[in-house]
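This report goes through the packing of one protein chain, with a few contacts picked out. The sequence and structure come next.

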Amino acid sequence: MKSFWYNDKRKNVCGIRIRELRKAKHLTQAQLAIRAQLEGYDKMTETAIVKLERGTRFVADYEVMIFARILDTTVEYLLSEPQPESNQE
């Protein structure tokens, strides 16, 4: 799959929001991956979550829907423009 860069630093918009909500729910990246697997997305791994949050992995629309469900939010919120990053890791 050919993926595109959202801007010169990220391949997705939602990774920042996913990290923010994951941390607010006190979930590790491994726990979030397991929850995604329980939702039926078997290919989601901890490594994929790391890349997604860093912005180095493209996120498909169906994945955004899964994360919205897991994190008790809306697709619209996950896709909303985040504030500029300040070297968060």
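At what angle do α2 and α4 pack, and how far apart are their axes?

## α2 against α4

This is a predicted model. In it, α2 and α4 pack at an angle of about 110°, and their axes are 10 Å apart. Angles of 65 to 115 degrees count as roughly perpendicular, so α2 is roughly perpendicular to α4.

On the α2 side the residues that meet α4 are Leu32, Arg35 and Ala36. Their partners in α4 are Ile66, Phe67 and Ile70. By class, the contact of α2 with α4 holds five nonpolar residues, one charged residue and no polar ones.

## α2 against α3

The axes of α2 and α3 come within 8 Å and cross at roughly 110°. Helix α2 is therefore roughly perpendicular to α3. From α2, the contact is made by Gln29, Ala30, Leu32 and Ala33; from α3, by Glu46, Ile49, Val50 and Glu53.

The residues of the contact of α2 with α3 divide into five nonpolar, one polar and two charged.

## The largest nonpolar core

Which residues touch the most other members of the largest nonpolar core? The core has 20 residues, and those with the most contacts to other members are Ile18, Leu32, Met44, Phe67, Leu71 and Leu78. The largest share, five residues, comes from α4.

Leaving aside residues up to four places away in sequence, Met44 touches Ala33, Ala36, Gln37, Ile49, Arg57, Glu63 and Phe67. Among them, Ala33 also takes part in the contact of α2 with α3, and Ala36 and Phe67 in that of α2 with α4.

## The aromatic pair

A pair of aromatic rings is described by the distance of the centres and the angle of the planes. A search of the whole structure finds one such pair. The pair is formed by Tyr41 and Tyr62, is edge-to-face, and has 5.8 Å centre to centre and 75° between the planes. Tyr41 lies in the loop between α2 and α3, and Tyr62 in helix α4. The two are 21 residues apart, so the pair links distant parts of the chain.

Are these tyrosines buried or exposed? Tyr41 has 15% relative accessibility and therefore counts as buried, the cut-off being under 20%. Tyr62, at 43% relative accessibility, counts as partly exposed.

Methods:
Residues are numbered from 1 along each chain as its sequence is written. This is a predicted model: local features need pLDDT of at least 70, side-chain atom pairs count only at pLDDT 80 or more; totals for chains, interfaces and linings use all residues. Side-chain values use heavy atoms; hydrogens and water are left out. A nonpolar core is a set of buried Ala, Val, Leu, Ile, Met, Phe, Trp, Tyr and Cys residues joined through side-chain atoms within 4.5 Å. Buried means under 20% relative accessible area, exposed over 50%, partly exposed in between (1.4 Å probe, protein chains only). Helices (H or I, at least four residues) and strands (E, at least two) are DSSP runs, numbered from the N terminus. Contact means heavy atoms within 4.5 Å. Axes are lines fitted to C-alpha atoms, for helices over the stretch in contact, and angles run from 0 to 180 degrees between N-to-C directions. Angles under 35 degrees count as roughly parallel, over 145 as roughly antiparallel, 65 to 115 as roughly perpendicular and the rest as oblique. Ala, Val, Leu, Ile, Met, Phe, Trp, Tyr, Cys and Pro count as nonpolar, Asp, Glu, Lys and Arg as charged, and the others, Gly among them, as polar. Rings of Phe, Tyr and Trp (its six-membered ring) pair if their centres lie within 6.5 Å; planes under 30 degrees apart count as stacked, over 60 as edge-to-face and the rest as tilted.
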